[in-house]
Amino acid sequence: MSLALDKPRSPRRPSARRSNGELYSWLFMRLSGLLLVILVLGHLFIMNILDGGIHRINFGFVAGRWASPFWQFWDLAMLWLAQIHGGNGVRTIINDYARKDATRFWLKMLLYVSMVLIISLGTFVIFTFDPNISN
């Protein structure tokens with residue numbers, strides 16, 4: 001009894017025209033995943049465990065934290081890496097499971113637009129946060 005695998009849905013390209021895009025995507029997923037583990041575990045430790053845990057988190061805490069360029073960069077790196085890492089994973093899933101070219105195209109366009117909007121809005125909030133809001 002032999003097991004046969006279906007042929008891949010994506011056609012093979014001639015080796016002369018192959019790019020290293022998927023290799024770089026694979027490498028990015030590994031490196032960004034490692035960095036995200038460090039950033040997220042640090043974030044969880046600082047926000048939930050250190051100095052009284054979640055009971056101290058309020059507007060003033062966030063204002064004090066984002067007054068420092070270090071914490072702005074930390075949160076910005078976490079936002080960008082998480083969004084691009086997750087978007088790259090969803091792009092891979094779309095490529096694997098969307099059968100029609102038009103469906104694949106529109107799903108990826110929806111993904112890219114949502115990624116740009118979330119990254120833009122998050123970056124805007126981090127850099128324009130005003131701790132001196134008057135009522």
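What follows is a chat about the helices, their packing and a few single residues.

Q: What kind of model is this, before I read too much into it?
A: It's a predicted model.

Q: Fine. How many helices and strands are in the protein chain?
A: Four helices and zero strands. Reading from the N terminus, the elements go α-α-α-α.

Q: And how much of the chain is buried?
A: Of the 135 residues in the protein chain, 24% are buried.

Q: What share of the contacts comes from residues 24 or more positions apart?
A: 67%, counting contacts with a separation of 6 or more.

Q: Let's do helix packing. At what angle do H3 and H4 pack?
A: About 175°, with the axes 10 Å apart. H3 covers residues 69-97 and H4 covers residues 101-128.

Q: So is H3 roughly parallel or antiparallel to H4?
A: Roughly antiparallel, because of that angle: the cut-off is over 145 degrees.

Q: Which residues make the contact?
A: On the H3 side they include Leu76, Leu79, Trp80, Ile84, Gly87 and Val90. H4 brings, among them, Leu107, Leu111, Tyr112, Met115, Ile118 and Gly122.

Q: How does that contact split by class?
A: There are 14 nonpolar, six polar and four charged residues in the contact of H3 with H4.

Q: Which H4 residues are buried?
A: Arg104, Lys108, Leu111, Met115, Ile119, Gly122, Thr123 and Ile126. The cover over the buried residues of H4 includes H3.

Q: Switching to H1. How far does it reach?
A: H1 runs over residues 21-49, 29 residues in total, and reaches 40 Å from its first C-alpha to its last. That's close to the 42 Å expected.

Q: Which of its residues are buried, and what covers them?
A: Ser25, Met29, Ser32, Leu36, Leu39, Gly42, Ile46 and Met47 are buried in H1. Their cover includes helix H2 (59-65) and H3.

Q: What's the backbone doing just after H1?
A: Asp51 takes a positive phi there, about 50°.

Q: Which residues form the largest nonpolar core?
A: Six of them: Leu36, Leu39, Trp74, Ala77, Met78 and Leu81. H1 and H3 are the elements giving two or more residues to this core, and H3 gives the most, with four.

Q: Now Gly89. Where is it, and is it buried or partly exposed?
A: Gly89 sits in helix H3. It counts as partly exposed because its relative accessibility is 22%, and buried means under 20%.

Q: How far is Gly89 from Ser25?
A: They're 9.3 Å apart, C-alpha to C-alpha, and 64 residues apart in sequence.

Q: Last one, Ala63. Which helix is it in, and is it buried or exposed?
A: Ala63 belongs to helix H2 and is buried, at a relative accessible area of 11%.

Q: What is Ala63 in contact with?
A: Phe129 and Pro131, leaving aside neighbours within four places in sequence.

Technical notes:
Residues numbered from 1 in each chain as written. Predicted model: local features only at pLDDT ≥ 70, side-chain atom pairs only at ≥ 80, totals over all residues. Heavy atoms only, no water. Axes fitted to C-alpha atoms, helices over the stretch in contact; angles between N-to-C directions. Parallel < 35°, antiparallel > 145°, perpendicular 65-115°, else oblique. Contact = heavy atoms within 4.5 Å. Nonpolar A, V, L, I, M, F, W, Y, C, P; charged D, E, K, R; others polar. Expected span 1.5 Å × (residues − 1). Buried < 20%, exposed > 50% of the residue type's maximum accessible area, 1.4 Å probe, protein only. Core = buried A, V, L, I, M, F, W, Y, C linked by side-chain atoms within 4.5 Å.
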